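We will go from stop to stop, with something to select at each one.

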Amino acid sequence: MAVCRSWFLLLTVVSAAHAEIKFNIPAGKFFSYELMRETFQSDFEPLSQLYLGRLYDDPMVFKCNLQYFPDLPEWLRFTQRHPFDNGFLYGTPMSTGKSVIEIYAVNKRSYETTRQILVLNVIAAKSPSYQAEFFIKLREIEKVLPPAVQDEIKQDLQKLWDTEALDIVNISNALDRGGRVPLPLAGHFEGVYVKVGSEQNFSGCLLQVQTPEYQRQCATGAKVKVPGECNFCSIPSNCISWCSTELFDLSQMAPSPPAPTLGSGVLEAGQDFEPPKSPEDRDFLPDYLVTIIVPLVVALVLCLLLTYIMCGRREGVDKRNERTNQIQLYHHHTILDNTDELRSMADHRGVPPPLSTLPMFDSRTGAQATPSDSPRMPLIMAQHDPNVDTMPRK
C-alpha cells in the first residue's frame, strides 16, 4: 500500500511538471512571471525527496522561446542575472492573441533538462486615460519584478497620485532605453522605468512636473528634489527621479482620420481618358562620351606614359658597355668565361685543368710564367696596351 502511494505521488509530480500553466492578460497591462528554481528542482530528482529526504540547490539556466519559434514574442522579455537566481518573464502586450511559451530549465550540476509550458492569452482591455512614467535610479530590473517589490512601489505612487485605482502599465530596464552600463561597484545600478496608469486625473504634485520652474531647473542639470508635500518615498531605493518623470494624457488624443472612401473604379459620364504623354527625345551621346570615351582616353594616356618610363628610358647594353672602364669590362667577361668553362667541365671528368687554375699565365698568349710565392703577383698577367685608356670615363 505504501509503495502504491509513493508511485501515485511520483506520477502526480511528473504530470504536474508537464501540465500547462495558463494566464489571461488584459492588453495594455503589465505581466510578470517568476521562474522558481525550487519548482524545477523537484522535477529533476523527485525520488531523492521521497525516499532519501535529500534536497539539492543546484544552479540552473532557463531558456524561453515561443513554441515552434526560436525567440520570444516582441512584447515579452526574459532576464536571469545568475544561475543561482530565479528567472523572470515580463512585458506588456498591446494586441490580443494567444502565445504558447516553452520554458527549458538546465541543471548545471547534472545537466538534466526539464520543460514547462506557459500559455498566455491576451484579452482586449481599455488602456488607462492618464499615464505617468517614473525613473527609479537605485533599482535593477530583477529586484523590481517580484510582486512584493511591485506592491511597495505601487503604494508610494498611489500616495503621490492621490488615488488607489492605480495599475502598473509597464516596467522596463534603463539599458533597453539607451542607458549606460554602470560600473561594477557598490552603489551603482542600472535603473528602472516604471509606468503606471489610472482613470483619475493627475494630482497636484504630478502637475508640478509640467511647470516652467521645474523644467528650467531640470534643463540646467541641477539636482532637483521632490517637493516636501509630494515626497512619499518610504524606502530610499524606491525613490523616483523628479526630472525624469513624464505625464501622458491619453484622454485628449486626436481621433484618427476616417478611412478613404473607395469608388466604383469607373469614370463618370462625360469625361475622356487622357493617357500620359510620352517623354521628349533625349540625346545620349554626351552621356556616352563622358561615361565611356573619357575613361578610355585617360587609360590610354596612362599606358603610353608607363610604356615610355619602362622601355623608352633604358640605356641599353651597348651604351652601358661604352661607358664602362675597359679593364673592368674585361675582368667581367673573364669571370663569365671561367664560369662557363667550369660548368662544361662539370659534365665530363678526366679533362685537363683549365688555364685559369694554373699558377700564372698570360691570358693572351697562354705562356706560363715562373711560379712565385709572392702574394703581390697577380694570377692574370695583363699586358699594357697604349691604345687602351685605363682612366675611368666620366
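## Stop one: the cysteines

Select Cys218. Cys218 is partly exposed, with a relative accessible area of 26%. Keep in mind that this is a predicted model.

Which residue does Cys218 join through a disulfide? A disulfide joins the two, with 2.1 Å from S to S. This pair links distant parts of the chain: Cys218 sits in helix α7, and Cys243 in the loop between α7 and β11, 25 residues apart. Cys243 is partly exposed too, at a relative accessible area of 36%. Now look along the S-S bond of Cys218 and Cys243. The torsion there is about -80°, so this disulfide is left-handed.

How many disulfides does the structure hold? There are three.

Go next to Cys205 and Cys230. Their sulfur atoms are 2.1 Å apart and form a disulfide. Cys205 lies in helix α6 (residues 204-207), while Cys230 lies in the loop between α7 (212-219) and β11 (246-249), so the pair ties together parts that are 25 residues apart in sequence. Are these two cysteines buried or exposed? Cys205 is buried, with a relative accessible area of 13%. Cys230 is buried as well, at 3%. The torsion about the S-S bond of Cys205 and Cys230 is about -85°, so this disulfide is left-handed.

Now pick Cys233 and Cys239. A disulfide joins them, with 2.0 Å from S to S. The S-S bond has a torsion of -100°, and the link is left-handed. Cys233 is partly exposed, with a relative accessible area of 26%. Cys239 is partly exposed at 30%.

Step back and show the bonded cysteines together. Number them in sequence order, and the pairing reads 1-3, 2-6, 4-5.

Two further cysteines can be selected here. Cys303 is partly exposed, with a relative accessible area of 48%. Cys311 counts as exposed at 55%.

## Stop two: a covered strand

Select residues 192-198. This is strand β10, and seven of its seven residues are buried.

Colour the two faces separately. Val192, Val194, Val196 and Ser198 are on one side. Tyr193, Lys195 and Gly197 are on the other. Both faces are covered.

Now show what pairs with β10. Strand β8 (residues 130-136) runs antiparallel to β10, and seven bridges join them. Find Phe135: its bridge partner in β10 is Tyr193. Strand β9 (residues 167-173) also runs antiparallel to β10, with six bridges between them. Pick Asn170, which stands opposite Lys195 in β10.

## Stop three: Thr92

Thr92 counts as buried, at 11% relative accessibility.

What does the side chain of Thr92 reach? A polar contact of 3.2 Å joins the side chains of Thr92 and Asn170. A polar atom of the Thr92 side chain also lies 2.6 Å from the backbone oxygen of Val169. Leaving out residues up to four places away in sequence, Thr92 touches Gly28, Lys29, Phe30, Trp75, Val169 and Asn170.

## Stop four: one face of a helix

Select residues 37-44, which make up helix α2. Which of its residues are buried? They are Arg37, Phe40, Gln41 and Phe44. Turn the view to look down the axis of α2. The buried residues fall within an arc of 110°, so they line one face of the helix. An α-helix has 3.6 residues a turn, so residues three or four places apart point the same way.

## Stop five: two positive phi values

Select Tyr68, in the loop between β3 (60-66) and β4 (76-79). Its phi is near 70°, a positive value in a residue other than glycine. Tyr68 is exposed, with a relative accessible area of 74%.

Finish at Asp162, in the loop between α5 (147-161) and β9. Asp162 is not a glycine, yet it has a positive phi of about 65°. Asp162 counts as exposed, at 58% relative accessibility.

Note on methods
Residues numbered from 1 in each chain as written. Predicted model: local features only at pLDDT ≥ 70, side-chain atom pairs only at ≥ 80, totals over all residues. Heavy atoms only, no water. Buried < 20%, exposed > 50% of the residue type's maximum accessible area, 1.4 Å probe, protein only. Helix = DSSP H or I, 4+ residues; strand = E, 2+ residues; numbered from the N terminus. Pairing = 2+ DSSP bridges. Arc of directions from axis to C-beta. Disulfide = S-S within 2.5 Å. Polar contact = N/O pair within 3.5 Å; in protein donor to acceptor, adjacent residues only side chain to side chain. Contact = heavy atoms within 4.5 Å.
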